[in-house]
Amino acid sequence: MSTVKITPSAASFATSIKHLAGIQLPRLQNTIFTSNSTKFRAPRRAFTVSMAVSLDTPLEVCVKQSITTPNKLGDCPFTQRVLLTLEEKHLPYDMKFIDLSNKPDWFLKISPEGKVPLVKLDEKWVPDSDVITQALEEKFPEPPLTTPPEKASVGSKIFPKFVAFLKSKDHSDGTEQALLDELTVFNDYLKENGSFINGNEVSAADLSLGPKLYHLEIALGHFKNWSIPDSLSYVKSYMKSIFSRESFINTRALKEDVIEGWRPKVMG
């Protein structure tokens with residue numbers, strides 16, 4: 001059983017309190033899977049409830065395994081996006097850790113391309129973070145995380161600009177300025193529109209962009225001794241807000257994994 005957070009009306013709030021009095025939320029535990037299997041559920045939180053979503057079993061999620069630490073989550077920002085969605089919707093899940101350098105046969109049967117993340121929904125394995133997060137929103141609509149279409153692409157150009165700058169060997173090729181330009185556009189947007197992409201509440205676009213900014217901060221800091229300028233104060237405040245969320249802390253990769261994940265691309 002997983003409980004969904006919503007903002008109830010006065011009537012539903014009274015009904016919710018009546019029905020939920022004395023109910024104990026299950027204590028959720030961390031889990032992993034390669035040759036070993038573990039279960040992970042979103043940690044218990046204090047939140048207001050007016051509706052519950054029942055799951056017979058936690059949702060199964062195939063994720064990248066850490067390459068630096070046994071039985072830890074790896075450094076895929078697209079996987080973190082999916083896990084953030086599950087966490088923000090308070091849905092229980094089992095992580096199956098996949099060693100991408102030695103993919104098990106059973107995994108290749110359900111993912112012929114050998115890619116993560118995958119989530120099992122209605123007995124079918126669903127690939128691609130875009131498809132997965134949309135499916136989760138449709139199946140578990142509360143709390144809503146949908147970003148309005150006109151705002152959904154805000155900040156989306158930052159990640160490719162970051163990758164180009166990170167891989168660049170030429171200091172004068174303009175990749176640093178291209179990244180700064182996109183970060184400045186995003187900074188100006190936040191200044192005018194609020195703390196998050198959709199205003200004052202986190203939405204799907206933030207759960208996509210946040211992991212990418214986490215990789216940007218770590219990789220550019222390590223490989224180029226570069227950081228976002230203090231003048232982009234709204235971007236820095238945004239990153240601090242996203243990175244400090246409980247859902248993000250629960251699903252972030254180790255710094256060492258982010259560095260090692262990007263190393264071949266930087267050195268290649």
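The protein has 10 helices and six strands, taken as DSSP runs (helices H or I, at least four residues; strands E, at least two) numbered from the N terminus. The model is predicted: local features need pLDDT of at least 70, side-chain atom pairs count only at pLDDT 80 or more, and totals for chains, interfaces and linings use all residues. Residues are numbered from 1 along each chain as its sequence is written, and side-chain values use heavy atoms, with hydrogens and water left out.

Of the 268 residues, 46% count as buried (under 20% relative accessible area, 1.4 Å probe, protein chains only). Among contacts (heavy atoms within 4.5 Å) between residues at least 6 apart in sequence, 73% join residues at least 24 apart.

Helix H6 covers residues 175–193. At 1.5 Å a residue, its 19 residues should span 27 Å, and the end C-alpha atoms are 27 Å apart, in agreement. The expected span is 1.5 Å times one less than the number of residues. Buried positions of H6 include Leu 179, Leu 183, Phe 186 and Leu 190. The buried residues of H6 pack against helices H5 (158–167), H7 (204–223) and H8 (233–243). Just after H6, Gly 194 takes a positive phi of about 120 degrees.

Conventions. Buried means under 20% relative accessible area, exposed over 50%, partly exposed in between (1.4 Å probe, protein chains only).
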